[in-house]
Amino acid sequence: MSEPVSGAFDGRSVHEWDGDTLREECGVFGILGHPDAATLTALGLHALQHRGQEAAGIVSFDGLRFHSERRMGLVGDHYTDPATLARLPGNIAIGHNRYSTTGEVALRNVQPLFAELEVGGIAIAHNGNFTNGLTLRRQLIAGGAICQSTSDTEVVLHLIARSRYTSTADRFIDAIRQMEGGYAMVAMTRTKLIAARDPIGIRPLVMGELDGKPIFCSETCALDIIGAKFVRDVENGEVIICEIQPDGSISIDARKAGNGQPERLCLFEYVYFARPDSVVGGRSVYVARKNMGINLAKEAPVEADVVVPVPDGGTPAALGYAQESGIPFEYGIIRNHYVGRTFIEPTQQIRAFGVKLKHSANRAMIEGKRVILVDDSIVRGTTSLKIVQMIRDAGAREVHFRVASPMIYYPDFYGIDTPDREKLLANQYDSLEAMCRYIGADSLQFLSINGLYHAVGDEDRNDARPQFTDHYFTGDYPTRLLDKDGESMGRKVSVLASNG
């Protein structure tokens with residue numbers, strides 16, 4: 001049964017107890033020409049689960065028709081069922097893990113999205129955000145378009161449908177040339193697998209191959225899980241069209257849809273989002289995070305007895321800090337990996353347990369000691385406050401908080417769901433000392449922007465031409481923010497609530 005129309009949506013779910021996190025983006029995966037396409041896609045999405053836990057979807061093509069399975073929840077909750085995979089036959093498939101940064105949490109927004117066009121069926125999935133998506137949506141609707149979802153991926157489908165080019169590939173390129181922002185995208189037709197990356201390469205996308213069949217995915221860890229070979233990164237502004245030919249061979253056509261700008265990968269891929277065992281932009285994520293800890297120890301030393309990571313994000317940096325400082329590393333906090341998001345949703349009383357549901361102090365490693373807590377980032381600070389108190393309750397003599405990234409001052413519009421600017425800890429207090437008092441630590445220090453740049457790229461930030469996307473630290477946005485500047489980014493969108 002349909003539910004009433006809601007008047008507004010803010011693009012965020014309510015699964016976390018206090019919103020004190022940078023929400024994951026999304027993960028994409030696609031494979032062409034393999035008889036186990038859907039199964040391999042499900043495995044790839046499982047490896048990319050950290051990029052989005054709200055929903056997952058897979059679309060396949062069996063030579064006659066397209067098949068779609070889209071589900072709310074985790075990959076393992078649905079795609080380990082042989083009956084589900086049996087409903088996804090064919091040798092072409094694309095898949096998507098979703099965390100909603102735009103569009104409400106509903107089954108109709110779960111990607112891949114599919115449309116039947118003049119040139120045939122096409123399915124699309126993407127990671128990231130279009131910073132002109134709402135502006136284009138408004139123009140399309142004014143021109144008579146009917147939108148069935150609140151996902152900006154649907155805008156791409158409309159632009160493809162309206163393109164005057166003949167081939168699907170040309171229409172696709174025509175469409176994405178009108179999009180601005182940060183994205184990594186995969187699309188499939190009856191014979192093609194298409195991959196595209198935004199003009200400055202904010203979001204990552206890699207190409208691999210298995211048994212001679214091309215694969216595209218958000219991170220190399222998705223290649224590793226299926227035993228595929230890494231071929232190369234998809235370049236910024238590049239569109240790669242892989243097509244099955246009548247003789248069964250696969251052609252690969254790489255084109256440039258961008259305007260030749262230098263690549264600027266998102267630094268938060270290294271700080272937080274990517275899996276530690278992935279290689280992003282030719283750099284080991286684990287090594288980069290360990291280097292952050294090494295540089296943090298150089299910049300912000302303190303006398304202490306033990307270095308303790310805030311798991312799991314702070315672990316590689318804490319190892320680096322311990323290595324550089326010579327202070328022993330210990331697991332002073334144990335993480336419970338089996339806490340479901342919805343378990344903490346129902347009541348404020350349950351929500352009040354907060355951190356203790358996810359983290360427990362290991363008293364034997366903490367009691368009577370001067371503790372250095374190392375975390376990857378601080379957003380609002382409410383979780384940090386609870387963790388510091390938990391360490392004190394476990395008997396720590398001193399608690400020194402060290403953060404392996406700079407202060408976050410600005411929101412993101414390229415696929416990271418950040419709190420409003422005024423809710424960020426760095427904007428709520430006018431000094432580091434005031435922030436330190438708020439979280440209850442004996443001292444608080446952040447890694448400098450150059451310390452982060454050196455950890456990832458071995459050189460200082462070039463202020464005239466930054467090597468990475470780092471606006472959340474610096475306010476230097478790498479593209480126009482057309483929706484935000486035109487007040488469309490926060491524009492209320494009417495959506496139909498459903499029980500799907």
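This is a predicted model: local features need pLDDT of at least 70, side-chain atom pairs count only at pLDDT 80 or more; totals for chains, interfaces and linings use all residues.
1. Overall content. The chain has 500 residues, and 56% of them count as buried. Its secondary structure comes to 19 helices and 23 strands. Among contacts with a separation of 6 or more, 69% are between residues 24 or more positions apart.

2. The largest nonpolar core. This core has 43 residues, and the members that touch the most others are F268, Y270 and M292. At least two residues each come from helix 8 (268–273), helix 9 (285–299), helix 10 (315–325), strand 20 (370–375), helix 17 (449–457) and helix 18 (471–474). Helix 9 gives the most, with five residues. A separate core of 28 residues includes I173, M179, Y183 and M185. As background, nonpolar side chains in soluble globular proteins tend to be buried together.

3. Leaving aside residues up to four places away in sequence, Y270 touches L265, V280, G281, R283, V285, A288, R289, M292, V456 and F468.

4. Helix 9 against helix 17. In general, a packed helix pair is described by the angle between the axes and the distance between them. Here the angle is about 145 degrees and the axes are 8 Å apart. The crossing is right-handed.

5. Helix 17 and what follows. Within helix 17, the buried residues are G451, L452, Y453, A455 and V456. Those buried residues pack against helix 8, strand 16 (283–284), helix 9 and helix 18. Directly after the helix comes D458, which has a positive phi near 65 degrees.

6. A55 in strand 3. A55 belongs to strand 3, which spans residues 55–61. Is A55 buried or exposed? A55 is buried, because its relative accessible area is 1%, below the 20% cut-off. Apart from residues up to four places away in sequence, A55 touches R71, M72, G73, H96, N97, R98 and V110. V110 lies 55 residues from A55 in sequence, yet their C-alpha atoms are 6.4 Å apart.

7. The hairpin of strands 13 and 14. Strand 13 (residues 238–244) and strand 14 (residues 250–256) run antiparallel and are joined by seven bridges. E243 is placed opposite S251 of strand 14. Five residues lie between the strands, and G248 in this hairpin has a positive phi near 95 degrees.

8. Cis peptide bonds. Most peptide bonds are trans, and most residues other than glycine have a negative phi. The bond joining Q111 and P112 is cis, with omega about 5 degrees. P112 is located in the loop between strand 5 (92–98) and strand 6 (113–117). Another cis bond runs from P311 to D312, with omega near -5 degrees. D312 sits in the loop between strand 17 (306–309) and helix 10.

9. Positive phi outside glycine. D211 is not a glycine but has a positive phi of about 55 degrees. D211 is in the loop between strand 10 (206–210) and strand 11 (213–217). D211 counts as exposed because its relative accessible area is 60%, over the 50% cut-off. D458, also not a glycine, has a positive phi of about 65 degrees. Its loop connects helix 17 with helix 18. D458 is exposed too, at 64% relative accessibility.

Methods: Residues are numbered from 1 along each chain as its sequence is written. Side-chain values use heavy atoms; hydrogens and water are left out. A nonpolar core is a set of buried Ala, Val, Leu, Ile, Met, Phe, Trp, Tyr and Cys residues joined through side-chain atoms within 4.5 Å. Buried means under 20% relative accessible area, exposed over 50%, partly exposed in between (1.4 Å probe, protein chains only). Helices (H or I, at least four residues) and strands (E, at least two) are DSSP runs, numbered from the N terminus. Contact means heavy atoms within 4.5 Å. Axes are lines fitted to C-alpha atoms, for helices over the stretch in contact, and angles run from 0 to 180 degrees between N-to-C directions. A crossing is left-handed if the near helix is turned anticlockwise from the far one by less than a right angle, and right-handed if clockwise. Two strands pair if DSSP finds at least two bridges between them.
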